[in-house]
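This report looks at one protein chain.

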Amino acid sequence: MKLIDSHCHLNYAGLAERQDDVLASARARGVSGFLNISTRQSEWADVLGAAERNPDVWATVGVHPHEADAHPDLGATALVEATSNSRVIAIGECGLDYHYDKSDRAAQRDRFEAHIDAARQSGLPLVVHTRDAEDDTANILGRAVREGGVTGVLHCFTGTADLAREALDFGFYISLSGIVTFKNARDLQDTAKWLPADRVLVETDSPFLAPVPHRGQTCEPAFVADTAAFVAELRDEPVEKLAQTTTANFFRLFSRAAA
């Protein structure tokens, strides 16, 4: 069985100090690829460095919505220039987070638009974070898709079934994290059951959100195997089938990794 952790933060505290061991543990559980996600411009080099050292690790370039205020001058140009390295396979994570409001909402929307522009120019998919901002996320992505040249994934999906359907209509993928294993995630579990097989990804968002049975621990990419097993049971299918499907989906969406 081969799985891909489609969203992890290998350079965050808790994983960075033992990055080689973390990767080895995941590989031992069948994880054959890792998408290492950036959240601020200052970490792009380190995120890319992990990808350059490991052939099964890829990188993104982007700025999390929490960091929008700290990157007032970030435009599409800097993002596109950073994609010149072939180990960079996506733009993000980017998007909107109105739950914590750590950055001004208008600034979040401006940075999101810059990422969309960069995705269109580079031909790379978006990795989108959205929390308590469903209407604005759907409106911005809908407009971008209508203008053309934009695809991507809603990562660590916790939204409503309506948002999932809109994202699917846009041609986007839905990525499920360890949250789907939580007891209070009934609505998300119901959504996970009907998502089209060719649009589902799995991830850890490590070092955050460790799935059952690892709650309270530092999350690791190895734990994507637990999330995959849970989702497969929800969908009443063998975990080997889910692994094969989600891996194929990953390389279809992130086509630069396949190349």
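Contact here means heavy atoms within 4.5 Å. The model is a predicted one, in which local features need pLDDT of at least 70 and side-chain atom pairs count only at pLDDT 80 or more, while totals for chains, interfaces and linings use all residues. Residues are numbered from 1 along each chain as its sequence is written, and side-chain values use heavy atoms, with hydrogens and water left out.

His 214 sits in the loop between strand 8 (200-202) and helix 8 (224-234). Helices (H or I, at least four residues) and strands (E, at least two) are DSSP runs, numbered from the N terminus. If neighbours within four places in sequence are left aside, His 214 has contacts with Arg 29, Phe 223 and Asp 226. His 214 counts as buried because its relative accessibility is 14%; buried means under 20% relative accessible area, exposed over 50%, and partly exposed in between (1.4 Å probe, protein chains only).

A nonpolar core is a set of buried Ala, Val, Leu, Ile, Met, Phe, Trp, Tyr and Cys residues joined through side-chain atoms within 4.5 Å. The largest one has 70 residues, and those with the most contacts inside it are Leu 126, Leu 154, Phe 172 and Ile 174. Helix 8 gives the most to this core, with 5 residues. Another core, of 14 residues, lies apart from it and includes Ala 90, Leu 201, Leu 253 and Phe 254. Outside the four places in sequence on either side, the contacts of Leu 154 include Val 128, Leu 141, Phe 172 and Ile 174.

A salt bridge is a side-chain nitrogen of Lys or Arg within 4 Å of a carboxyl oxygen of Asp or Glu. The whole structure holds 12 of them.

| Salt bridge | N to O distance |
|---|---|
| Arg 18 and Glu 220 | 2.8 Å |
| Arg 105 and Asp 101 | 2.9 Å |
| Arg 120 and Glu 147 | 3.7 Å |

Arg 18, in the loop between strand 1 (3-8) and helix 1 (19-28), and Glu 220, in the loop between strand 8 and helix 8, are 202 residues apart, and their pair links distant parts of the chain. Arg 18 is partly exposed, at 31% relative accessible area, whereas Glu 220 is buried, at 13%.

Arg 120 belongs to helix 4 (residues 105-122) and Glu 147 to helix 5 (residues 134-147), 27 residues apart. Arg 120 is partly exposed, with a relative accessible area of 28%, and Glu 147 is exposed, with 56%. Elsewhere, salt bridges that share partners join Arg 40, Glu 43 and Glu 67 into one network.
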